[in-house]
Amino acid sequence: MMLRLQFNNRVALSSCNRPGYYLLRKNFSLAMPYLIDEEGYTRGQLGLAISAIAIAYGLSKFLMGLVSDRSNPRYFLPFGLLVSAAVMFVFGFAHWATSSVTIMFILLFINGWAQGMGWPPSGRTMVHWWSQKERGGVVSVWNVAHNVGGGLIGPLFILGLGWTNDWHAAFYVPAAVAVLVAVFAFVTMRDTPQSVGLPPIEEYKNDYPEGYDASHEQEFSAKQIFVKYVLRNKMLWYIALANVFVYLLRYGVLDWAPTYLKEAKHFTVDKTSWAYFFYEWAGIPGTLLCGWMSDKIFRGNRGLTGIVFMALVTVATLVYWLNPPGNPTVDMIALFSIGFLIYGPVMLIGLQALELAPKKAAGTAAGFTGLFGYLGGSVAASAAMGYTVDHFGWDGGFVLLVGACLLSIAFLLPTLRHTQVASSRREAVV
């Protein structure tokens, strides 16, 4: 009983920390309409600036994943969150921070790099504190941190705007909350079960994967992790490429929702902020449903589950695009539906990455798919989407998004036969 309480308490407390990162991920999107109106920036310029987050995050998520696999998440995770908060305070209080595209790019790059320090230690924590049979549902619960933190940006912005009548509150109010989360993370998190005198999770749950032995608790060298368990893993490459287009749709809608709804659908500031909130929080039940379906209905076939959800996302995106102005309820329902559906595939790709590598390489495997998602998909969602809309209007932008939906399905198709987790195997899946 005491062991069970220690496991559950550590996991429950640790899972509360990750939303803090998402409080600081997309604040700039809410500020973009003001930067266009008051500072005279074009959508393409702001898209270029915000692409810095994706570039840095993709690189950091992979490279810092290598570091996190050999680090204590109790220190690693809070440090990155504090750096990210510091950048948001600069944006909030230093007027020079938004004086040029170059300065904004540099600051957002630093923020993106710090943001990349969030997921790898989280992945490491999950595979050490949960057994193989629990991870479908558990990872889906963990993954709603995207939506809890990201969704709170809108209400926090409205609250700060009401207090200060200053749109820079989009930066410094969430940053203040994130600092408190970083302190909480440091107090509650621990490294592995063994580091606090507990047995490995496989022993505690009596859930030993095929081929499990004591060697699975040994650390790998960086070369072994990178070459043997990542680069030679063909299935990991498929889901990494699918991730490019899942992220293009995810951030193509999210980053540009405030601007699109204002310009094309004539929403007010408060309505766009709440729409942003609903998009993010819709992902909470959607992600939980997706995790449950992948475990119970599709029997571990993450690829098939992802294809079903991406097909439905395509329909919702078409409605969001083609619904004429003057029907805000339809727009909100469509945006809610996209948010409800898109985070399931995001979660599944992260889960597949964890299942396709040994747990001592989990941070790097997760970082590898994130590298593709952010350097490919999120950068395109920021820069390419901005310039596409500048030159071809919002119709051109939505052609890009619908194409991303279809390509994500194409790259998930080769994973349909992969129904058994392989995170326990010493050999890479080839």
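User: In which hand, left or right, does α3 pass α10?

Analyst: This is a predicted model. In it, the crossing of α3 past α10 is right-handed.

User: How is such a pair of helices described in general, and what are the values here?

Analyst: A packed pair is described by the angle between the two axes and by the distance between them. Here the pair is helix α3, residues 27–39, and helix α10, residues 169–188. Their axes come within 9 Å and cross at roughly 160°. Angles over 145 degrees count as roughly antiparallel, so α3 is roughly antiparallel to α10.

User: Which residues of α3 and α10 meet?

Analyst: On the α3 side they are Asn27, Phe28 and Ala31, and on the α10 side Ala170, Phe171 and Pro174. By type, the residues of this contact divide into 5 nonpolar, 1 polar and no charged.

User: Which residues have the most contacts inside the largest nonpolar core?

Analyst: The general idea is that nonpolar side chains tend to be buried together in soluble globular proteins. In this model the largest nonpolar core has 120 residues. Phe28, Phe91, Met104 and Tyr320 have the most contacts inside that core. Phe28 also takes part in the meeting of α3 with α10.

User: What is Met104 in contact with, leaving aside its neighbours within four places in sequence?

Analyst: Met104 is in contact with Phe28 and Phe91, and also with Leu35, Tyr41, Leu46, Ala49, Ala97 and Thr98.

User: Is Thr317 buried or exposed?

Analyst: The call rests on relative accessible area: under 20% is buried and over 50% is exposed. Thr317 has a value of 0%, so it is buried. The residue is part of helix α15, which spans residues 302–322. With neighbours within four places in sequence left aside, Thr317 is in contact with Leu249, Ile338, Phe398, Leu401, Val402 and Cys405.

User: What is the phi of Asn165, and where is that residue found?

Analyst: Asn165 is not a glycine, yet its phi is positive, at about 55°. The residue is found in the loop between α9 (145–164) and α10. Its relative accessibility is 70%, so Asn165 counts as exposed.

User: Where does His266 lie, and what is its phi?

Analyst: His266 lies in the loop between α13 (234–263) and α14 (269–297). Its phi is near 65°, a positive value in a residue other than glycine.

User: Why does His266 count as exposed?

Analyst: His266 counts as exposed because its relative accessibility is 58%, and the cut-off for exposed is over 50%.

Terms used:
Residues numbered from 1 in each chain as written. Predicted model: local features only at pLDDT ≥ 70, side-chain atom pairs only at ≥ 80, totals over all residues. Heavy atoms only, no water. Core = buried A, V, L, I, M, F, W, Y, C linked by side-chain atoms within 4.5 Å. Buried < 20%, exposed > 50% of the residue type's maximum accessible area, 1.4 Å probe, protein only. Contact = heavy atoms within 4.5 Å. Axes fitted to C-alpha atoms, helices over the stretch in contact; angles between N-to-C directions. Helix = DSSP H or I, 4+ residues; strand = E, 2+ residues; numbered from the N terminus. Parallel < 35°, antiparallel > 145°, perpendicular 65-115°, else oblique. Left-handed = near helix turned anticlockwise from the far one by under 90°. Nonpolar A, V, L, I, M, F, W, Y, C, P; charged D, E, K, R; others polar.
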